[in-house]
Amino acid sequence: MDVYLSASIDLSKVNILIALFFCLCWLVIGKPLRLYYQSSVRFSAANGFFALSLVLGAQQFTFPVTNLWVIADLTLLITLVMYNLALRHLLVLPLDPRWIRVLMIGAAGVAALHLLGQISANLTSVTLLLLALFILISTTWMKFRALASAFNYSNAAILSIPDISLVLIIGMKSAMWLLYQREVITAIPLSSKSSPILMWIYIVLIILINVTAVGTAVSRLIIRMKHLADHDQLTGLLNRRAFEAKLADYFGLYQRYNMPFSIIMLDIDHFKLINDKYGHAAGDNAIVNTARVFRQTVRQTDVIARFGGEEFIILLPGQTASEANEVANKICLAIRTSQWQINTPALTISAGCADVTMVNSQDRLLTLADNALYEAKRNGRDQSIIATPDHPIPTATAN
């Protein structure tokens, strides 16, 4: 079977060509397209080092008296490290290069001692193999957790299948080595030409690993584009379009299940004066500071958005207009006492509150809150006003 599978082609060369192909593909993604530059360059480097490892491993059969397999396996360890770092950048995970540096220094030390004749081939082999297995397991687990958090467990499992398969293969190889202690063995089976079936498996796995990495990059790009479409770039809050979609959802829930909510319309006082006197950078600082105070003051379940310019809006599920007014007054106090820029007067905001029981449409709800906001402006600013409802709100009668 092995002879049939490898009769017409050199499978190690096929693997090398595939690795070089993906090396160039990632360079194109990272350089001209400028998509996930840091990740793409590392994925490209990982494929390049993998190709070099295969070349060195193949040359071992041409020059059997040399120790090229040790260099090949060290190169493969670098491949796995680059793959780990590429995934960390792609999945927006914190970098942790300390343990990677320690691991690579240890691997290089073991290889150097072997080349100097201080450590046997067996000990060098099992050490490099176990280090590769450790990197693979940690990388696969890291990838699965990150993908499960970003998508779901099913998609994470599917995208991690190639990595899990490689872990199982090298894990089986490690177990066989530890059980039988063979004298002639390459530490990492990826550099072996002895089994065409295994080489075919590696060909499939290297393709799948790169394809799933590209798929993950595209998925992250789509999520990023969706986030940019729904959020204000300066503050990170929802933008007006996304907020109005949320408002429609809550209004539908109110109409169907009588689930009340209220909104607060807010505006930074004298914002044009801030821009004119201190510059547009100061205006941006004022907006960012205001958004920060909102996040610190309201509940996590409340929906905050930048409605336009210096105007904001907050949706408070399950709260009446009077309760929203209390929240708005807390926000006014927090804004007034916050320091947004050195040597500048305190910011103030005005607010208008309304709840869904006052109106028959979401557009009218926005209008009422906006009218209350401008009434607060006319009354001297730095305050909150409750809107006048379109129709009388029924009050509870005593039994």
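**Helix packing, a cavity and an aromatic pair**

Okay, so helix 11 and helix 12 sit oblique to each other, where oblique is what's left once you take out under 35 degrees as roughly parallel, over 145 as roughly antiparallel and 65 to 115 as roughly perpendicular. Quick note on the source: this is a predicted model, with local features needing pLDDT of at least 70 and side-chain atom pairs pLDDT 80 or more, while totals for chains, interfaces and linings use all residues. Numbering runs from 1 along each chain as its sequence is written, and side-chain values use heavy atoms, with hydrogens and water left out.

Back to the helices. Helix 11 is residues 271-278, helix 12 is 280-297, and they pack at about 140 degrees with axes 6 Å apart. Helices here are DSSP runs of H or I, at least four residues, and strands are E runs of at least two.

Next, the inside. There's one cavity of 30 Å³ or more, a cavity being a set of points on a 1 Å grid where a 1.4 Å probe fits but cannot get out, with lining residues having an atom within 4 Å of a point. Its lining counts 17 residues, with Thr-79, Tyr-83, Leu-166, Ile-206 and Ile-209 nearest the centre. Helix 9 gives the largest share, six residues.

Last one: Phe-243 and Phe-307 pair edge-to-face, 6.2 Å centre to centre and 90 degrees between planes. Ring centres have to lie within 6.5 Å; planes under 30 degrees apart are stacked, over 60 edge-to-face, the rest tilted. Phe-243 is in helix 10 and Phe-307 in strand 2, 64 residues apart.

Methods
Axes fitted to C-alpha atoms, helices over the stretch in contact; angles between N-to-C directions. 1 Å grid on protein atoms, 1.4 Å probe; cavity = no way out; pocket = protein on both sides within 12 Å on 5 of 7 lines; lining within 4 Å. Points joined across faces, edges and corners; volume = space filled by probe spheres on them. Phe/Tyr/Trp six-rings, centres within 6.5 Å; stacked < 30°, edge-to-face > 60°.
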